[in-house]
Structures are given as C-alpha cells and as structure tokens.
Amino acid sequence: MSDLPIQSIKELSELHPKPADLHFQYGTAGFRTLGSTLDSVVFRVGLLAGLRSKKLDGKTIGVMVTASHNPEEDNGVKLVDPRGEMLEASWETHATVIANAPTTDALIDALEAVVRNAKIDLSKPAKVVYARDTRRSGPALISALENGFKALGAEGRNAGVTTTPILHYLVKAINTKDTSESYGEDSEEGYFKKLSQSFKKLTAGKVKPEPLIIDCANGVGALAAAKFATHLGETLPLTLANTAISTPGALNNVCGADFVKTMQRLPSGLVDHLKPGQRACSLDGDADRLMYYYLDERGSFHMLDGDKIATLVAAFIVDLVKNAGLDSEIKVGVVQTAYANGASTKYLAERLPVKCVSTGVKHLHHAAEHYDIGVYFEANGHGTVLFSQPTQERFANYEPSTPAQSTALNHLINLTQLINQTVGDALSDMLLVEVVLAHKSYTGVEWNSLYADLPNRLVKVVVSNRAAFKTEDAERRLVSPQGLQAKIDELVRKYEGGRSFVRPSGTEDVVRVYAEAALKAQSDELAFRVAGLVYDEAGGDASKRPKEFLP
C-alpha cells in the first residue's frame, strides 16, 4: 500500500489556496456558488475523485463542472459514482471537510484521514471522466480540476463541453463496457445513437409530429439538441431557440426550465414565435430539467411541468406492462416530493402506488430503486424512470403469447434504451414525452386535460438561521420551531382544498412556503399568510415585514 504523493499535492495545492473567509458545503447539487470563488474547491474535488476511484478498485468516477439553472456568474462541481448515480452520501462529508481545510498542511491531514477511515489502497489506479457546461468560468475551473488529478496521479479523460446527463451516461457506459450490463458506447456519439435509434423504433408507423420548439436556455443543451436534430431528422423535427451560448449574460436569463416554472410564462425568444396549440419545451442550463407548455386559442399560457410529465409517462408504462401480460409480476411505482401538485398525486394514486419523499434528487432516485419500474419527477422537471436489472432480464427472457403482448414488450425494451436511467435528462425525457404523445395521439391540450392542477403558490422568506426550521414526514410537517405547525394547520383549515408546508432551503438562508387551495386567490392568500407566520417566528423586524404578507 503506497503513500499519498505529499510533495506533488503540496506544490499544486499552493497554486489553489482556499479563501479564508468562505465555508463550502457539498449539497444535493455538489458545491455551488460564485464561480470566481471555486478554484480551491475544484482542485480538491480532483483529489477526492482520484481517492474515490482508488477506493472502488479503479472504477471511473465522473466530475461535472456546472451550476445548472443558476445565474451565469455561478458555477459548481459535483462527483458521479460508477453507475452514473450521485456520490455516495457518506462521501459528501469527506468532500465538505476537504474543501474547507484552511491550509495545505490541513488539506493533507484531511486527505490522510479519508484514506485511513475509508481504508483506501493507494496502490490502486485512479480514473476520472470530466466535463463542463458553457459558463465562462468553466475553463479555469477545469484547469484547477486537472491539477487535482495530476497531484494524485489520477488518469483523466476530458469529455469537453457537454450536458450533465451525458456525463452521467458516459460514467456508466465506461464502467459497464464489455459486461452483460453494457449501457452503450462510451462516447457522446454513442449516447445520441442509442437514444435516437430507440426513439425511431418506438414511433415507427405513428403520425409524423409537428415541429417541436426547444428553448435551450442559451446553455450547453443547445449543442446537444443540435446534434439530436441531425440524428432524429424528420422523425422529430426540432426548432431550436435561445442558443446564444457565447453571449455574456444570456445563460438562463429570462429563459430556461427554471424561469418557465417559477414565472409561469413563455421564455424570451418564443414570445412572438409560438403559435396556438404548438408544443414547446424548455431545458435548463445543463439540460437535466424539462418543462413543456403551449398557448391556447386565446393566447393563454399552459405549463406542463414535472408532475404532468410523471402522470403522462407512468400511466403509459402501466398500460404497456398490462398489455404485455406482465402486470402480475412487475410492479410500477411513482415517487414524488411534497411540492407535487395534489391533483397529480390523486390522479396517480388511483392507478399505481405513490410514495412521497424529502426534496432532492438523491431521495427520489433511491426510493424509485425499490420498485421494479420506478418513475420519479420533481415538479421542477427533473426526473427519470428506473428499470431494475431483474426487470430488464425478465423482458429479455419473457415469451409473449399474443402479437399484442409482443408489441407491448418490444415497446418496454425500447423504453429502457430511450430513457437515461442514471439521472434526470431533459433531452431523453423530451423524447419519452414525444413517444407517449405519438402513441396516444395527444396534443398539449389533451395531455393537460388528464387532470386540472390545484392553484398553488411558492413564497420565499429570508431568515437569519434556516437551521431553526426542522421537518418530518417527508418535509411536510415542521417539528421546530415549536408550535408553528399548529398555527399553520389552523390557517390551512380555513381554505377549501387547502394544503401548505414549510421547509428550509438546502442551498440558501431562506425558508420556502408552498400552498395549494381550490381557487388561485386563496392559494396566494394562504401562502402569504403562512409566510407571515414564518417571518414572525424567525424574529423578523416588523417594520421590514413584506407588504404582501397579510396579517
């Protein structure tokens, strides 16, 4: 068992000193903050990725430099485990400790502690595949990351500028190469080929769709969508909007999935181009979130968010499993968070099991793995479908007894190839939605009419200490501050169809308040009344109490 290359780490670490006044936290999305402050963090993530690979016998680890839907001045970095999944939770702590070591000597002590505690054999090889989005801070941060690999002697493979889901795909494809669980060719081209071929098989014989407009958020999704357009050709004509990836300040600015979801209106670039009834969708800055929408005949905006996608997809898969004659042995389930619209939960619960978990992709992904086929989508448009390995083997070995069963089975097999099962993938999910719409002959209007969303409102309250707010029951109820939940319950009872919950943000010093009610005015009023309770509880200055927080 060799030792850490201390001299090499020392020399390169001195080029990437930690800012003395900043504390970094590895959260659901990895480290994420102003790109200008992340140099030392990204260097250290390079070291940690090498150690993680050594711990896992030289399997390839992924590193993505991105800040997704955040403003352009932000950036971030996250690690991806060998099967394309998020970093194992226990290593998030290692990441946070290593990122915050104040000096080079403290960093070496922290690295040695990880080696000791995780029982890492340093003689093992270290392999990492890495990529970045289109942010201008990206190249400098990639350079810091590469110094981290160099310091530890890790072998790096640069996947260049690509989407987060493609990086996840590459990690799994590299690690399953030449095995019975091979995930596909370990190249970007392999990804486009795999998904577009599956799409063509799934839509063969269906009516050719009208062109789909994609708002690319002026981000890396524009590059990937353009490549998809050439692979798909006339089977799905794509019209790309907001593709200005080199225009300063354009990324996620008045466009993208997060803008559409929070503002509930068309992104810039589409306002004068979307015809009534035409389908359109938005990606976010790294193409892992998806939001669909359309305008009706009167020009009113209608959003089809993650909840609408989950209901469309889950109901389709349940039907296919039944039509294949496999419904007695393959169980399909849906995972949501408390942010899921109550109407979507009701619609789904009448058709299949639904589980509510805490906010955060890792919670959803983990819960979805407990089903034979697990569907999960956050309301923000991040989600995917997981097919367990035994389920995929069952598909391969199953002998249908009728032509209808055979057709349904082939559709299920092709879905396992179309869907990026490693992570939420906006472009893969977009193709999945288009498949279901083609099979059902649905327009956006018909899809939207599956159920009517309950009016809802999301409000942020700035607090000095979000840690004072603690929750239980998948974040649907507060246990602290004491007595606040009882006041919220009392308020909710006054509203027809009322539901509200309060949870601290995982990334900033705010508390988020969500409310639903039978009427829009009531959902707004309930949200602001609950926000007022939170504001008072957090010891806010009454003179600065936001005007819209009703008494």
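**View 1. Strands β4 and β5 run side by side in parallel.** Strand β4 (residues 127–132) is joined to β5 by five bridges, and the two run parallel. Arg 132 has Val 161 of β5 as its bridge partner. Helices (H or I, at least four residues) and strands (E, at least two) are DSSP runs numbered from the N terminus, and two strands pair if DSSP finds at least two bridges between them. This is a predicted model, in which local features need pLDDT of at least 70 and side-chain atom pairs pLDDT 80 or more, while totals for chains, interfaces and linings use all residues. Residues are numbered from 1 along each chain as its sequence is written, and side-chain values use heavy atoms, leaving out hydrogens and water.

**View 2. An open sheet of five strands has the order β1-β3-β2-β4-β5.** Its pairing is mixed. At the edges, β1 (31–34) and β5 (155–161) each pair on one side only.

**View 3. Ala 379 sits in the loop between β13 (373–377) and β14 (383–387).** Ala 379 is buried, at 8% relative accessible area (buried means under 20%, exposed over 50%, partly exposed in between; 1.4 Å probe, protein chains only). Leaving aside residues up to four places away in sequence, its contacts (heavy atoms within 4.5 Å) include Lys 261, Asp 305 and Tyr 339.

**View 4. Arg 503 lies in strand β18 (residues 499–504).** Arg 503 counts as buried because its relative accessibility is 9%. Beyond four places away in sequence, Arg 503 touches residues including Thr 359, Glu 475 and Tyr 339.
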